[in-house]
Amino acid sequence: MYYIGIDLGGTNIAAGLVDDSGKIICDKSIPTGAERNYTEIVKDMAELSKEIIVKSGVSIEDVKAVGIGSPGSIDNKNGICTYSNNINMENANISGEFKKYLDLPVNLENDANAAAYGEYTINGNDVESFVFVTLGTGVGGGVVLDGEIYRGFNGVGAEIGHTVVDMDGEQCTCGRKGCWEAYASVTALIRQTKKAMAENPDSKMHEIAEKEGKVSGRTAFDAAKCGDKAAETVVNKYFEYVAEGITNMVNIFQPNKIIIGGSISKEGDYLLKPIREYVEKNDYNRHMEKVQIEIATLFGDAGIIGAALAAKRKICG
């Protein structure tokens, strides 16, 4: 059996045909056109799904469900995006609109929850509890408990990036101050890098940024690996910010596994080693079995796979 997984983003719509094991058989992406009415975007998602089915050579009868991962606050029971600021949606009946074009069961998830479930199926389905953290433009993620996505009673549970690490800290886009996202996201890392560059005009970060044409999440990392002291300070402090939030996740959930994804996670052991060491020293549980902290493996495919397999689990059993 096969399932369509759709990862709806502010820039692109990525969709794939996924088999029972979570393997993507065929996929394609198109621009979102996020400024449009959501009904036009949903129509594009449906047409893209049809195109993928035809391209794969799979019979429509063998496609059992569609899973959609969408940004925003999601009413999973009714298939409605109650609000999203990344794509202009409010009380948008995404599932109902989609079925106008492709008459298949549809399951709508928050995009971070879908990505979390994707990583869970590949990296965590041997455990009971699992937390996925994404370090990207913001800090997002999801929680899987006993094999089920934790959504909260109102569908907006596990907004882990908006746990506070400094009550009087940096302003967050959510309106609060000191959120983990305001310190551990790539956006925050770029801000921290620019500040260090202004204070250290001889830092190698300037040369790297000029070569790249911009200051990016890699600038401080690349300079630190060359022995630049100012960059090392930025990177080491960033490790602490990430690890502090990870420690909070450990103390709240004591999950079997925490998986770190997002663009920064591609730093691998360079990122993972100091985080593990920090958590080892600071987590509440120092006397029992430890949480496994690992790097994600699916990266951009997590949303497609997770959306598809969450639909399989909810709709098809």
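1. K257 and its partner. In strand 13 (residues 292-295), K257 has Q292 as its bridge partner. Strand 12 and strand 13 run parallel, joined by four bridges. Here strands count as paired if DSSP finds at least two bridges between them. Strands (E, at least two residues) and helices (H or I, at least four) are DSSP runs, numbered from the N terminus.

2. Basis of the model. This is a predicted model: local features need pLDDT of at least 70, side-chain atom pairs count only at pLDDT 80 or more, and totals for chains, interfaces and linings use all residues. Residues are numbered from 1 along each chain as its sequence is written, and side-chain values use heavy atoms, with hydrogens and water left out.

3. The other neighbour of strand 12. Strand 9 (residues 129-135) also pairs with strand 12, in the parallel sense, over five bridges. V133 has I260 of strand 12 as its bridge partner.

4. Burial of strand 12. Five of the five residues of strand 12 (residues 257-261) are buried, so the strand is largely enclosed by the rest of the structure. Buried means under 20% relative accessible area, exposed means over 50%, and partly exposed lies in between (1.4 Å probe, protein chains only). Both faces are covered. K257, I259 and G261 are buried on one side, I258 and I260 on the other.

5. The crossover. Strand 12, helix 9 (residues 269-282) and strand 13 form a β-α-β unit, and it is right-handed. That term applies if, with the strands pointing away from the viewer, the path from the first strand over the helix to the second runs clockwise.

6. Strands in the order 5-6-7 make an open sheet with antiparallel pairing. Strand 5 (73-75) and strand 7 (89-92) are the edges. Each has a single partner strand, so one side of each lacks a neighbour in the sheet. The twist averages 20° from one strand to the next. Strand 6 (residues 80-84) pairs with strand 7 over three bridges, in the antiparallel sense. Y83 stands opposite E90 of strand 7.

7. Two positive phi values. Most residues other than glycine have a negative phi. N91, in strand 7, has a phi near 50°. N91 counts as exposed, at 55% relative accessibility. A158 has a phi near 65°, again positive in a residue other than glycine. A158 sits in the loop between strand 11 (148-149) and helix 4 (181-184). At 18% relative accessibility, A158 counts as buried.

8. Cysteines. C81 is buried, at 0% relative accessibility. For C172, the closest cysteine sulfur is also in C174. The distance there is 3.8 Å, still too far for a bond. C172 counts as buried at 6% relative accessibility.

9. Helix packing. Helix 5 (residues 186-199) packs on helix 6 (residues 204-212) at an angle of about 125°, with the axes 9 Å apart. Axes are lines fitted to C-alpha atoms, for helices over the stretch in contact, and angles run from 0 to 180 degrees between N-to-C directions. The two helices are therefore oblique to each other. Under 35 degrees counts as roughly parallel, over 145 as roughly antiparallel, 65 to 115 as roughly perpendicular, and the rest as oblique. The crossing of helix 5 and helix 6 is left-handed: the near helix is turned anticlockwise from the far one by less than a right angle, whereas clockwise would be right-handed.

Terms used: Disulfide = S-S within 2.5 Å.
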